[in-house]
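Work through the exercises below with the sequence and the model open. Try each task before reading its solution.

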Amino acid sequence: MEQITFELNKWVEESAALTKPDKIYWCDGSKEEFERLMEQAIREGIFLPLNQKSYPNCYLHRSHPSDVARTEHLTYVCTQNKDDAGPNNNWMDPKEAKEKVGKLFDGSMKGRTMYVIPYLMGPVGSPYSRVGVEITDSIYVVLSMHIMTRVGKVALEHYEKTKSFVPGLHSLGDLSPERRFILHFPEEQLIWSVGSGYGGNALLGKKCFALRIASWIAKNEGWMAEHMLIIGVEDPEGKVTYIAAAFPSASGKTNFAMMIPTLPGYKVWTVGDDIAWMYIDDEGQLRAINPEAGMFGVAPGTGPDTNPVALEMLKKNTFFTNVGLTPNNEPWWEGIGTEPMDGILNWRGEAWQKDGSPIAHPNSRFTTPLNQCPTISPNWEDPLGVPISAIVFGTRRSKVVPLVFQSFDWQHGVFVGSSMGAETTAAAVGSVGVKRRDPMAMLPFCGYNMGDYFQHWLNIGKKLKKPPLIFRVNWFRKDENGNFLWPGYGENSRVVKWIIDRVYGKADAVETPIGYLPKASDINTDGLNLKPNAMEELLAIDKEGWLNGVKEIGEFYSQFGERLPKELKEELNKLEKRLSGI
Ligand code: OXD
Ligand code: MN
């Protein structure tokens, strides 16, 4: 470990002086380390081995019942100036935050081991990859980081070259929501998380570093850290076109990232399912890398019809958190494709009462290595990333927003992304199904004032030689009886085909007040069993609905005051004018 420089050692020593662990252990990321720590975790009851015949090397973890999702209300961005965090973030003064939360870290690792995890976000050898170091007292975190990131030697080697790392201090504390804080200090590029073992709060490489801190760094350095999946879509001629797509948590993102297209001749290659780091190359082309090495996906709803690729992928080397357990020692969740059987245990490990209560927690998860994804792109670890031709924004909206439309240009696309409304899901603590604005699906993850973030998007567009086309999709439209109008999943490939054909100027569209829409006949619906006029309904412009939206967007925008780029206000006014004209 001689290569570890002074700065890293100093931070580890300071953290140990604060948290007072019995032991300090430096993780090397090896298989041997994984096996040894897994044995210990099993002994301590943190992981339960699943059926090793049908699920080799798979384990179940049950978290504390009050620690099952991200806690947005306990997540803070601590900038010197409150306005830099913006109305989209909870804010604490950095000094006050350190005093207050420092007390919770004081002695929090007494009697425990402090694990130091050097990890790399991004492919080995990529100039766009970055190093983080997480200190934690949770073995679940260490083992999960082994899957989700590249741990150990590769990270330290990258650190030697770049001399920079993002420190993240994590302790389980007493797991009480009253003493739970997820703090970001973007000016210092520092993360503090205490009181939670849940992935999004505790695996600091993911939401905390790769989105909140990275979005801040990206704004200053001229690149983008986005809550986006990345796929390559191969057409029948064998040409692969890359798309980056933003959807709020638990809105079918992982399914889309691993879609089996129903359209003959098409194939989806997975590059990433949650986060994209994108930069402009020397030719002015936007390119994306996936900073992660694993998936932390939502289990319920993952089944043979919705995501057969994931089901296949989860059969080995996978952790399941808060799913049900069958008498055969296999994981179970709603939508897995089988009926619950006698003797099944719910996510808390209790006998299921057949009372309609969920067996798996709605935000139960799988943690699995990306390299065993059957549809993994041969380019997923390309150090220079993949070229992005289209950006897609999607949310759950039962009404108003059509199946798909294209923005007029980049600026209008930024407006479309910035103003998207979404219905909340179980990925965060709070009520489910409530409509809120979730710009670019980044509301919980933008590490600074979103007004500045919109400006950053506009600036990036000006630097791109051929900006990707920007689309809005909505798979979740319902009819007046509450039934979905569109079948979704693999059938979404029909919409993806239109998107790609637009990229190459091969598909038609009509100009409408909200953007370019396909005509019903522009989307291939051969063999689909849609209700009569479904396409017309899916592609209609609901003038009243959109005018209401204009009002809501105006209100949402007003909280950003001077920080809202005037271009977006202009786009909103133009939309209102166009709508009034029909
Ligand atoms: C996730 C999330 O876990 O967005 O990816 O909550
Ligand atoms: Mn996510």
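**Exercise 1. The ligand site**

How far is an oxygen atom of ligand 1 from an N or O atom in the side chain of Asp-274?

The model is a predicted one, in which local features need pLDDT of at least 70, side-chain atom pairs count only at pLDDT 80 or more, and totals for chains, interfaces and linings use all residues. Residues are numbered from 1 along each chain as its sequence is written, chains are lettered from A and ligands numbered from 1 in the order in which they are written, and side-chain values use heavy atoms, with hydrogens and water left out.

Step 1. The distance for Asp-274 is 3.2 Å. This is a polar contact (a pair of N or O atoms within 3.5 Å; within protein, one must be able to donate a hydrogen and the other to accept it, and residues adjacent in sequence count only if both atoms are side-chain atoms).

Step 2. Look for further contacts of this kind. A polar side-chain atom of Arg-70 lies 3.0 Å from an oxygen atom of ligand 1, and for an N or O atom in the His-227 side chain the distance to a ligand oxygen is 3.3 Å.

Step 3. Turn to the cover. On its own, ligand 1 has 210 Å² of accessible area, and the protein covers 95% of this. Such areas come from the Shrake-Rupley method with a 1.4 Å probe; for residues, only the protein chains shown count as cover.

Step 4. List the surroundings, counting a residue as near if one of its heavy atoms lies within 4 Å. The residues around ligand 1 include Lys-206, Lys-207, Ser-249, Phe-296, Arg-365, Ala-427 and Phe-445.

**Exercise 2. Aromatic pairs**

How many aromatic pairs does the structure hold?

Step 1. There are 36. Rings of Phe, Tyr and Trp (its six-membered ring) pair if their centres lie within 6.5 Å; planes under 30 degrees apart count as stacked, over 60 as edge-to-face and the rest as tilted.

Step 2. Take Phe-47 and Phe-319. Their ring centres are 4.6 Å apart and their planes at 45°, so this pair is tilted. Phe-47 is in the loop between helix H2 (31-43) and strand S2 (48-49), and Phe-319 is in strand S19 (residues 319-321), so the pair ties together parts 272 residues apart in sequence. Both are buried, Phe-47 at 1% relative accessibility and Phe-319 at 0%.

Step 3. Compare Phe-556 and Phe-560, an edge-to-face pair with 5.4 Å centre to centre and 80° between the planes. Phe-556 is buried at 11% and Phe-560 at 3%.

Step 4. Phe-556 and Phe-560 belong to one aromatic cluster, whose members include Trp-216, Trp-410 and Phe-415.

**Exercise 3. Helix H11**

Is helix H11 (residues 410-418) largely enclosed or largely open?

Step 1. Eight of its nine residues are buried, so H11 is largely enclosed by the rest of the structure. Among the buried ones are Trp-410, His-412 and Phe-415.

Step 2. At the start of H11, a side-chain oxygen of Asp-409 comes within 3.3 Å of the backbone nitrogen of Gln-411.

Key. Helix = DSSP H or I, 4+ residues; strand = E, 2+ residues; numbered from the N terminus. Buried < 20%, exposed > 50% of the residue type's maximum accessible area, 1.4 Å probe, protein only.
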